[in-house]
Amino acid sequence: MTDSRDSGTGPRDPDALLRRAGVRGNPDRDQHFLIDDRVLDRLPDYAAQAGFDLSHVLEIGPGTGALTDRLLAVADEVTVIERDPDLAAFLREEFADDIAAGRLTVISGDALAVDLPDFSVSVSNLPYGVSSELTFRLLPRGKPTVLMFQKEFAERMAADVGTDDYGRLSVSAQHYADVEVVEPVPKEAFSPPPDVESAVVRTTPRDPDYEVGDEEFFLRFVKAVFTQRRKTLRNAIRNTGHISGLDDADAPVEAIADGKTDLDPDVLSKRAGKIPPKTFAALATVADEYGRGGGETE
Ligand SMILES: C[S@@+](CC[C@H](N)C(=O)[O-])C[C@H]1O[C@@H](n2cnc3c(N)ncnc32)[C@H](O)[C@@H]1O
């Protein structure tokens, strides 16, 4: 096995890992490797500082293992999922001791397709091309995460109601967790540098302060209404029944307008960007009740 530590102590040098792996990073494969030691060192810290359970860390897209190395220093156990078979083979060689000790498992495959282990926290520098799909594979598990995203995506995830960035992504992510942008990361921190700026997001799972009967419908309803974010809710709900899955998209609007629900009829003249998640939940409940499959329409 290759000398595990480049200077005898301390974490592996990310540039040396790249050299040993003999890779450059292929942007077409979502490969932008972190080479800034300070950012690499801080990623596990964001999990530790929040008191997250580090017994089993899941890392998606480990690349050449610079972050994996730092995670092994703080976690009892680490599982990584890497799609590139050459990188997975490199990791198996580079981290043979940790694998032999039962502390590291390398899964070779697509993180969107393979079974996820029973992890306690995920700390990952995600492949940006599938970051949304991966996030919504992780968040419903109810475990905390520290994840690197495109900055714009990170800001939309964490956005508060009424701000320009607030949208479907904010409501959907914040349905599962408190979301905070903890650090902007410049392009130069990566090799090769991506076209966009990045940011680290920490999510802390919690139950929402509202009830939704049918979570899948709620998320679909939010998605549908935000496709028409410049329209009033009255029109947005009516126009997007085919996306949200309403049989009768007029019925819930009429029920609200006629004061048959607990919602203030004024809500219909607002735009989606001004509607807090709790009100979305109430709207989805009414839409479900009046607009789907033989509800209480008159
Ligand atoms: C942004 S790089 C991060 C590499 C490493 N964690 C680092 O920080 O240097 C993303 C990694 O995810 C891998 N990858 C891309 N798509 C993937 C997928 N669907 N499932 C698992 N890994 C994937 C790429 O091969 C690459 O190694």
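# Exercises on a predicted model

UniProt, in an unreviewed entry, lists residues 39-207 as "domain: Ribosomal RNA adenine methylase transferase N-terminal". The model used here is predicted. Work through each exercise with the structure open.

## Exercise 1: The annotated span

Find how far apart the ends of residues 39-207 lie, and how much of the span is helix and strand.

**Solution.** Start with the two ends. The end C-alpha atoms of residues 39-207 lie 30 Å apart. Then take the make-up. The span is 36% helix and 27% strand.

## Exercise 2: The shell around the ligand

Describe the residues that surround the ligand: how many are there, and which are the closest?

**Solution.** Step one: count. The ligand is surrounded by 23 residues. Step two: pick out the closest. They are G61, G63, A111, N125 and P127. Step three: sort by class. Twelve residues of the shell are nonpolar, five are polar and six are charged. Step four: trace the elements. Strand 1 (33-34), helix 3 (66-74) and strand 3 (77-82) supply at least two shell residues each. Step five: check the record. As "binding site", the unreviewed UniProt entry lists H32, L34, G61, E82, D110 and N125.

## Exercise 3: Two listed residues

Decide whether H32 is buried or exposed.

**Solution.** Begin with H32. Its place is the loop between helix 1 (14-21) and strand 1. Within 10 Å of H32 there are 25 other C-beta atoms. The cut-off for buried is 20 or more. Therefore H32 is buried. Leaving aside neighbours within four places in sequence, H32 contacts G25, P27, F190, P192 and P194.

Now take E82. This residue sits in strand 3. E82 has 27 C-beta neighbours inside 10 Å, so E82 counts as buried. Again leave aside neighbours within four places in sequence. The contacts of E82 are then G61, P62, L87, A88, L91, V106 and S108.

## Exercise 4: Nonpolar cores

Find the largest nonpolar core: how many residues does it have, and which have the most contacts inside it?

**Solution.** First, the count. The largest nonpolar core holds 58 residues. Second, the residues with the most contacts inside it. These are L34, L43, V57, F149, M157, V200 and V201. Third, the source. Helix 2 (residues 37-49) gives the largest share of this core, five residues.

Now zoom in on M157. Not counting residues up to four places away in sequence, M157 touches L169, S170, A173, V179 and V201.

## Exercise 5: Two domains

State where the chain is divided, and which residues make up each domain.

**Solution.** Domain 1 covers 4-205, and domain 2 covers 215-291. Their centres, taken over C-alpha atoms, are 36 Å apart. Next, inspect the contact. Domain 1 brings nine residues to it and domain 2 brings eleven. On the side of domain 1 that touches domain 2, three residues are nonpolar, five polar and one charged.

## Exercise 6: P208

Work out why P208 counts as partly exposed.

**Solution.** Locate P208. It is in the loop between strand 9 (198-205) and helix 9 (215-226). Count its neighbours. P208 has 16 other C-beta atoms within 10 Å. Buried needs 20 or more, and exposed needs 12 or fewer. The count for P208 falls in between, so P208 is partly exposed. Now compare sequence with space. P208 and Q174 are 34 residues apart in sequence, and their C-alpha atoms are 7.9 Å apart. Not counting residues up to four places away in sequence, P208 touches H175 and P277.

Terms used:
Residues numbered from 1 in each chain as written. Predicted model: local features only at pLDDT ≥ 70, side-chain atom pairs only at ≥ 80, totals over all residues. Near = placed C-beta within 6 Å. Helix = DSSP H or I, 4+ residues; strand = E, 2+ residues; numbered from the N terminus. Nonpolar A, V, L, I, M, F, W, Y, C, P; charged D, E, K, R; others polar. UniProt positions renumbered as here; feature names shortened; annotations may be inferred. Contact = placed C-beta atoms within 7 Å. Core = buried A, V, L, I, M, F, W, Y, C linked by C-beta atoms within 7 Å. Domains from an automatic or database assignment.
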